[in-house]
Structures are given as C-alpha cells and as structure tokens.
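User: I would like to learn how to read features such as strand pairing, packing and contacts from a model. Please give the general idea each time, then the case here.

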Amino acid sequence: MSLIECRSLCKDYQRGGEAVHVLDRLDLSIDRGSYTALMGPSGSGKTTLLNLLAGIDRASSGELLVDGTDLAQLDRNQLALWRSRHVGYVFQLYNLVPVLSAYENVELPLLLHDLTAAERHRRVVEALESVDLATRHGHLPRQLSGGQEQRVAIARALVTQPTLLLADEPTGDLDRTNADAVMDLFGRLHRERGQTIVMVTHDEAIARRAERTVRLEKGRLATVEVAR
Amino acid sequence: MTMLPMEYSLRGLTRGRGRTVLALMGSLVAGALIATASAFLGGMESALGSTASPSRVIVMGAGSEESLERSEIGARVPGVLSASVQGIRRTAGMEHVSAETHVALPIAVDGAEAASDNGLVRGVGPAALLVHPNVQLTGGRWPERGAGEVLVGSSAMRRLGVDPAAAIGSRVVLAGAPLTIVGTMQAPGSTIDGEWWMPLEDLTTLMRRETISCVIVDLDRATIGDVQAFTLSRLDLELAVLAERDYYASLLAFFAPVRVLVAVVATLMALAAALGGASALAAAFSERVRENAVLETLGYPRHAVILDVLLQCTIVAVSGAAVGGLLAQWLFGGMLVEFSMGTFALQFDARATLLAAVTGFVVAIVAAFLSTWRWIGLPTPEALRTT
C-alpha cells in the first residue's frame, strides 16, 4: 500500500531570468514500510524531492500525497504541524542545537506533542537507547563524536514515531565505521519497526542497504532497482 | 500558542557572550540616558507644577508678566488690594495676602572668598506660609525682622554643600550682607525648596529698593475676575494679574526649548547606544539562520521561532535598560539642577523606569527584526544550506 504518491510532480526555479526544471513531471510511488534510496547525479533533484516530501518546499505543479494528505493544501504553519506528527528528518550535518544536551535535543520535537512529562521522558530514553546512547544523555553536541551526533539526530527524528523517516546524505559526513553503524541502525529500524525510510545518498554501497533504489536524472525517474 | 522551551531561550543567551555583553551595555547606556532625561523633564515639570495652586493669583507689575524677578509694584499695593477685593481666603482673621520680593543673588558660605552659588531669595512676611501651604518649617524658627536672619530650603543648602540638618547657626553672605541661618524649610518637589527666605523689609533694605515684586493672593469666594476688576479700576498702580497656575504654565512653556533640546539630545544619544546594542544582538542571532530552519523542519512554526528570538532579545535588552535606569537613579537620583526660577531635583519616578524599560523593548524589537529578517526571506531549503 503506497504511503507516498507523486503524480506529474514539477519543481521549477528561476535562475537569472531562466526557468530551471529541477523536477520534471515526476511520477513515483513509495510503499508504507519500505526502505528507499534516492540516487542520481548532482542537480538531478534528489534533495528537492526529499524537501517536497518533508513539506519544507512546495511543488510548482503536480500532486503530492503523503499518507493521504495533499501537501499543497496546507499553509506554512499547518505544514509545520503536519511535519511534527508525520516526518522525522535526518540531516547530513546532524544540525543538533549546540546549547542543548543530547537528551534535550531529542526531547525538542516531542515538546510539540501533547504528552505528559513522564511519557516524554520514557520516549526520549527509549529513543536514545535505540541508538546506543543511553549513557550520553547529558552530553552537549560538542562533547560527542560525529557518529554519536548523527545517532542523536536519528533519535531526534525517531522520537515522535513519525510515519516517514527522511534522511539527506545521513552518512555523508561520517567515516566508514560510523557510516556502517548508522546504516545498521536504519536497517534495524526498517526490519524491526517497519519504519518507512527515504534516504538520499551518493554512495552505491550505502544505497545497496535499502530495499529499493530510485535513480533520478534531470528531474525525471530514470530507473528503479529492487534489492534481492 | 506553540513556543520553544525556556531552556532553549536562556541557554541561547550564553552563545556569543561577547556580543551579548555588548548588547547589554548598549541597552544599559540607552536606558540610563532615557531615564535621566525623563528625570530631568519630570523634575522641572513637577517643580513648576507643584508650586502653583488653582486658587491663587499673582498681582504684579503690568508688562512684567513673564518674570516676577523683573516685576516692581508699590509697597502699598497689598493693603489697597486687601481693602478693595472681597472674598479673599482668611485663616484666624489673617488674610491670605502675601507681599513678596523675588531676587536672584550671589550667595556664599561665610569665609569663602567668592560667591559659591546664585540663589533665589524671597522677601516675605508671615502670610507667606498661608499662600504657600506646601512649605514646612523643618528646623529652627522664622527669621526675625532687622536681625540679619534667613530661612533656607533644603535643596538650596545642599547646593552649597551644607547638610540641612547642620545648617542652623551657619553664616552666609547674600549680596555682601552677612546673615545667619535660623531655620530650615522644605517644599518637596517645588522650586521653593531651593530658595532663601528672609523678612521682606530686610530684603527691601538690602536691595535699596522701595518697591516689592508681587502680591500673592489666595482666593476664597472671590474670582480672578474680581482681582482683574481691581487692577483695572486702579490703573495708576500699573498692575497685572495672573492665575498662579498660568504663570507657572507660561514658565514651563518658556523652558520648552530647553526641554525639547534635552529630550532630543538624550534620544539621539540613546538611539546611537540602542542601535549599537541592537546590531550586536542581531549579529549574534543572524548566525542562527540554519538553526532556525532546523527548528522549522522539526515542526516549530515560524512565529514560535520569531517569538523565541524576540524573547531572548527582550531578556538582554530590557534587563540592560532597566539596570541602566537603576544605575542612573543611583548615580544622579536627587541631583539638583539650578535654573533661573530656582532649583529642582532630578525625579526618577515610575515614568523614568517605564521609559527605560520601553527603550529596552524597542532595542529588542529592532534586534529581533534584524536577526530574523534574513531567515524569513529565505526558503527553508536554502536556509538549511547556510553556514
């Protein structure tokens, strides 16, 4: 059953008075519980598609339904609220708030939910345990390694139990050991929780960890490869 | 309304501490300047305002309405006026009619080589206490006629650097004449607090004049129209009458350019300090464009992020300005300012504090606007790519 439906999706930018078609009538369907890698050369529209799926950018035309919601119908504040309920976003550069501890960073998106303090605490502890950082609650981002920071960022993305986990080059700033650890974590989340994951990557080895690889070229769907 | 947690706002202030301190200092200077200007204007307005009463009128020389010090009327005017106008207030059989002479004289503490100060000296009789009920004798006694004695206001004594409590018995020299302080008085908030009072006849003799400056009359049933009728019926006396309130209002209007100048100069200086503070704050916050975009990606609406920036700016700027206001009060509170009508004290009141706080809030709004302007103008994906 598809969670995401893109129909004739277009995204244009004006650059120097000239229209640049970043996404050009893209049709794509992503199933609930699937694990998809988005690949393609620079400028092919991978990150733009990810931003559209997250509701932080708007399509120029076409239709984008995520879990039955037409994102084009939501205004900016409604999109923010929708994102807080449905989307977990992992950035390449982690983007943790430097003055908040690991625990507080993970708790930050939960404060938008109507939860008791005890329930919030339970979820934060669980999220940090799931990324093997149960002993790093009080650490500030600068006191953590890059791999640990990214795992905190993943815990922050997961703590709201989002419908959709989006990751933009999540291993792009990590060494191979840490990249493997993050990918193991994604695999576990997918297998054990049935988490729907859409991940942008340039790395073929990383993409092979997903069950499906979608390749984009010049804003269009080039190929879809399913892992054996 | 969705808000970011307070811990985030408070800890946000610990980032870029140098800039936070600069912003704090800018707001502090702006707050201090605005509070001091307000205290100056408030002190002057209060001194002139509280000196006047709605029931009192001043009878003075025609053509001298702008200044009592220039006014000269005959010494017999009080008696003629008292006999001609019915309905003047009386207390224990004594009419509230005060013949007075007002002169500005150099005053020195005895033994000093040169005059230490210029002071307003008022020649009065006992009826002065009836028409100036805000005057309280705080020590000593009323000066006796012909004995070279003087009564001093608490602000006047402080201006000469003498403790009013220890003033009685001190010797001063007024226009070359040695006098003894036999009493102290107080008229809080009024220009009289900065004056010297002596018997009318003594001052008239000292000044070698035969005229007095004015008659101050407290009306009961009579109206100012009755007094005007008297002055018009006695054109030979060349008199004019003004409601005391109008006289001091015209003085306030006379000093309007000074007040405007003080307000403008203080505002301009405060503006420079405030802009310095605001730009330091804005510089600290404008580095957080990507962080703001991350918060938006996590689900925080824009207004929550903007409110948080405003809150952080407000904490820094308002606390800086409030401390500035308090510092100014501590440094300059009660400071006496001399002007041609006497002396007034800087008045640090609720208005001064409020204006300092408002100054801080304006700094905060400007800083928050400058801080978030760049982020608001950027689409979120672009904001996420900023460094």
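Analyst: Two strands pair if DSSP finds at least two bridges between them. Strands (E, at least two residues) and helices (H or I, at least four residues) are DSSP runs, numbered from the N terminus. This is a predicted model, in which local features need pLDDT of at least 70, side-chain atom pairs count only at pLDDT 80 or more, and totals for chains, interfaces and linings use all residues. Residues are numbered from 1 along each chain as its sequence is written, while chains are lettered from A and ligands numbered from 1 in the order in which they are written.

User: Which strands form a hairpin with two residues between them, and what is the phi of Ala175(B) in the turn?

Analyst: The hairpin consists of β9(B) and β10(B), and Ala175(B) has a positive phi of about 50 degrees. Strand β9 (residues 171-174) of chain B pairs with β10(B) in the antiparallel sense over four bridges. Leu174(B) has Ala177(B) as its bridge partner in β10(B).

User: In which sense do β8(B) and β10(B) pair, and over how many bridges?

Analyst: In a regular strand the side chains alternate between the two faces of the sheet. Here β8(B) and β10(B) pair in the parallel sense, over five bridges, and Glu149(B) stands opposite Thr180(B) in β10(B). Strand β10 (residues 177-186) of chain B also pairs with β7(B), antiparallel and over four bridges. Gly183(B) in β10(B) is the bridge partner of Gly140(B).

User: Where is Trp142(B)?

Analyst: Trp142(B) is in the loop between β7 (136-140) and β8 (149-153) of chain B. For burial, the count is of other C-beta atoms, placed from the backbone, within 10 Å of the residue's own: 20 or more is buried, 12 or fewer is exposed, and in between is partly exposed. Trp142(B) has 18 of them within 10 Å, so Trp142(B) is partly exposed.

User: Which residues does Trp142(B) touch, not counting residues up to four places away in sequence?

Analyst: Two residues are in contact if their C-beta atoms, placed from the backbone, lie within 7 Å. On that basis Trp142(B) touches Pro126(B), Leu151(B) and Gly183(B), with residues up to four places away in sequence left out. Thr184(B) is 42 residues from Trp142(B) in sequence, and their C-alpha atoms are 8.8 Å apart.

User: Turning to chain A, what is the order of the six strands in the open sheet?

Analyst: The order is β6-β7-β8-β3-β9-β10 (chain A), with mixed pairing. At the edges are β6 (87-90) and β10 (220-226) of chain A, each pairing on one side only. Strand β3 (residues 35-39) and strand β9 (residues 212-217) of chain A run parallel and are joined by four bridges. Thr36(A) has Arg212(A) in β9(A) as its bridge partner.

User: Which strands of chain A does helix α5 lie across?

Analyst: Axes are lines fitted to C-alpha atoms, for helices over the stretch in contact, and angles run from 0 to 180 degrees between N-to-C directions. Helix α5 (residues 146-158) of chain A lies across β6 and β7 (164-168) of chain A, at about 170 degrees to β6(A).

User: How many of the 13 residues of α5(A) are buried?

Analyst: Eleven of the 13 are buried, so that α5(A) is mostly covered. Among the buried residues are Gln148(A), Arg151(A), Ile154(A) and Leu158(A). Their cover includes β6, α3 (102-107), α4 (117-130), β7 and α6 (176-193) of chain A. The expected span of a helix is 1.5 Å times one less than its number of residues. For α5(A) this gives 18 Å, which agrees with the 18 Å between its end C-alpha atoms.

User: How many residues of chain A are in contact with chain B?

Analyst: The contact has 20 residues of chain A and 21 residues of chain B. On the side of chain A that touches chain B, α1 (46-54) and α2 (76-86) of chain A each supply at least two residues. α2(A) gives the most, with six residues.
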